[in-house]
Amino acid sequence: PRIVLPVPVVIPQTDSPALSVLIVVYGGGELAIDAVAALIEHTEQPFEVILVDNASKDDSLVALRDGIVGLTLIAEDHNLGFGGGNNRAAREARAPVICMLNPDARVTAEWLNPLLAVLHDPSVGAVAPALIGADGTLQEVGAMVDHWGYTGPAGTRGFGEPVPAPAGRLAVDYASAACLLMRTDVFRSMEGFDPTYRLAYYEDVDLCMRLWQRGLKVIGEPASRVIHLGGGTVTPVVSQALWHHNRSVFLHRWRDELATRPSYAAGTDDDMARLWAWRTKAE
């Protein structure tokens with residue numbers, strides 16, 4: 001879905017943003033323009049957008065400069081990866097809350113207020129919306145991590161089915177940084193994403209696990225919905241290699257924490273129900 005606005009799209013300027021939106025691109029700059037257009041259309045609070053171009057090999061940088069007015073654009077000379085790019089963007093944030101947003105994510109009407117309401121609770125470290133596929137099916141409202149470091153959507157709340165009515169907030173192991181909100185001071189105090197993880201995958205899982213370790217909750221809020229188109233800018237072979245490497249890093253770091261967890265072996269509803277029961281008991 002595309003929000004059709006005049007080109008270039010113009011971000012309303014403010015001296016006191018309520019939200020700093022961080023976007024990292026490595027190719028596919030046109031997707032980011034659409035993401036910003038959706039923000040302009042559906043965000044009532046004053047916000048700023050800080051975008052890091054990770055040395056895109058296509059014409060993304062030119063497209064972004066021509067396509068968005070009022071953007072803080074940081075052009076890197078090498079690929080910092082997803083985590084490193086967000087860490088770089090967060091250093092420029094002026095708002096008390098940051099939102100990490102993928103360029104393939106499209107916010108929808110009334111998306112922000114439910115998330116900010118959750119972050120008003122000082123015991124919450126991060127909050128994420130329900131992620132909805134382009135076909136209208138639910139991708140996740142946060143996710144769980146099993147004994148082997150595999151992840152799956154939290155509980156059995158209609159994964160792959162038409163989106164159900166909001167059914168209340170969920171405490172989850174982690175929520176995808178496709179759209180993830182945190183208080184800026186909390187993100188900075190944790191030094192953001194760990195650069196040990198290469199380019200992409202598992203850095204958001206690790207960040208959320210560190211929040212829980214600090215005594216801060218990670219919440220999925222289905223009252224907020226964001227469309228997540230999916231896809232990537234690296235080849236499947238590279239993507240798989242990165243995933244396996246970063247999962248190994250994650251498993252080594254969190255093996256004691258994961259030791260008592262159920263396995264998500266087959267990915268069935270029963271498997272996820274057991275994992276969900278484990279999280280509920282742990283709470």
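Predicted model: local features only at pLDDT ≥ 70, side-chain atom pairs only at ≥ 80, totals over all residues.
Residues are numbered from 1 along each chain as its sequence is written, and side-chain values use heavy atoms, with hydrogens and water left out.

Strands (E, at least two residues) and helices (H or I, at least four) are DSSP runs numbered from the N terminus; two strands pair if DSSP finds at least two bridges between them. Strand 6 and strand 13 (residues 179-183) pair in the antiparallel sense over 5 bridges. Strand 2 (residues 19-25) pairs with strand 6 in the parallel sense over 3 bridges, and L22 stands opposite M100.

Of the 5 residues in strand 6 (residues 97-101), 5 are buried (under 20% relative accessible area, 1.4 Å probe, protein chains only; exposed is over 50%, partly exposed in between). V97, C99 and L101 point one way, and I98 and M100 the other. In a regular strand the side chains alternate between the two faces of the sheet.

A nonpolar core is a set of buried Ala, Val, Leu, Ile, Met, Phe, Trp, Tyr and Cys residues joined through side-chain atoms within 4.5 Å. The largest has 44 residues, of which M100, L180, M182, F187, L211 and F250 touch the most other members. Helix 6 (residues 203-213) gives the most to this core, with 6 residues. Apart from this core lies another, of 38 residues, among them I23, I33, V97 and V226.
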